[in-house]
Amino acid sequence: MSRSLSRTLLVGGAAAALIATAAPAQAGSPAPGPITAPPDKIVIELATVNGSGCREGTAEVAVAPDNTAFTVTYSEYLAQVGPGAPPTAFRKNCQLNLRVHVPSGFTYAIVQADYRGFAFLQPGAWGQERANYYFQGMPQTTQRTHQFNGPLNDNWQSSDRTEYADLVWAPCGEKRNFNINTELRVNAGTSNPQAATSFMAMDSTDASVNTLYHLAWQVCPAR
């Protein structure tokens, strides 16, 4: 199936890849107890964008009005194998470096990440979505992988949620960018890539198709 034809297919569902590890308590760590969200508006800017799945100008970030989540929308994120596909097209990746402006006295963590996409996989082929997340200067979280096996001609979806006790919080009183690394991969497996196409997409002309990152908030301790 061609890329142009893929854009006529309905894209929906929610998929996620998120894992975090607990950090020991230390000075500047958030105070116990969650809040819904800070009252002042947060601002998220794309500091840098790199990767074969998100060349400059093809990824956008928007913050939910209630400060409980933010979305990333892609317009050219598709991995494929098959007739006419370049040899490197089987794997696409995107590395986003986000500059998050948080109201004074608050800190945040990513509690859940929902991804949306569509897959067309031949019998015997398979596709994967991978992601990890980390704050600048802190260890990366373990990469989580979701695999989808052909035959498949439908939305792909999954959801991971980090338990509250295991959340990794942005350091209080410090400005550290937040990094999101994602990857789409398609393997022909036992199918014949010389005769049939398989693809996995996380891009669409539909602006409602985006990845959704849910935020948890805490009040920082008084200095």
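Pro151 is found in the loop between β10 (144–149) and β11 (152–156), where strands are DSSP runs of E with at least two residues and helices are runs of H or I with at least four residues, numbered from the N terminus. The peptide bond that leads from Gly150 to Pro151 is cis, with omega near 5°. This is a predicted model, in which local features need pLDDT of at least 70 and side-chain atom pairs count only at pLDDT 80 or more, while totals for chains, interfaces and linings use all residues. Residues are numbered from 1 along each chain as its sequence is written, and side-chain values use heavy atoms, with hydrogens and water left out.

**Overall fold**

- The secondary structure of the protein chain comes to one helix and 15 strands.
- Of the 223 residues in the protein chain, 47% are buried, a term that means under 20% relative accessible area, with exposed meaning over 50% and partly exposed in between (1.4 Å probe, protein chains only).
- Among the contacts in the protein chain with a separation of 6 or more, 83% are between residues 24 or more positions apart, a contact being heavy atoms within 4.5 Å.
- The accessible surface of the protein chain is about 10700 Å², and carbon and sulfur atoms account for 51% of this area, as computed by the Shrake-Rupley method with a 1.4 Å probe, where for residues only the protein chains shown count as cover.

**Disulfides**

- Two disulfides are counted, under the rule that a pair of cysteine sulfur atoms lies within 2.5 Å.
- Cys54 is joined to Cys94 by a disulfide with an S to S distance of 2.1 Å; this pair links distant parts of the chain, 40 residues apart, with Cys54 in the loop between β3 (43–50) and β4 (59–63) and Cys94 in strand β7 (residues 91–101).
- The torsion about the S-S bond of Cys54 and Cys94 is about 100°, so this disulfide is right-handed, and both Cys54 and Cys94 are buried.
- Cys172 and Cys220 form a disulfide with their sulfur atoms 2.1 Å apart; this pair also links distant parts of the chain, 48 residues apart, with Cys172 in the loop between β12 (159–161) and β13 (178–187) and Cys220 in the segment after β15 (211–219).
- The torsion about the S-S bond of Cys172 and Cys220 is about -90°, so this disulfide is left-handed, and both Cys172 and Cys220 are buried.
- When the bonded cysteines of the protein chain are numbered in sequence order, the pairing is 1-2, 3-4.

- Val49 lies in strand β3 and is partly exposed, with a relative accessible area of 24%.
- Not counting residues up to four places away in sequence, Val49 touches Cys54, Gln95 and Leu96; the C-alpha atoms of Val49 and Gln95, which are 46 residues apart along the chain, are separated by 5.9 Å.
- Asn67 lies in the loop between β4 and β5 (69–74), has a positive phi of about 65° although it is not a glycine, and counts as buried at 2% relative accessibility.
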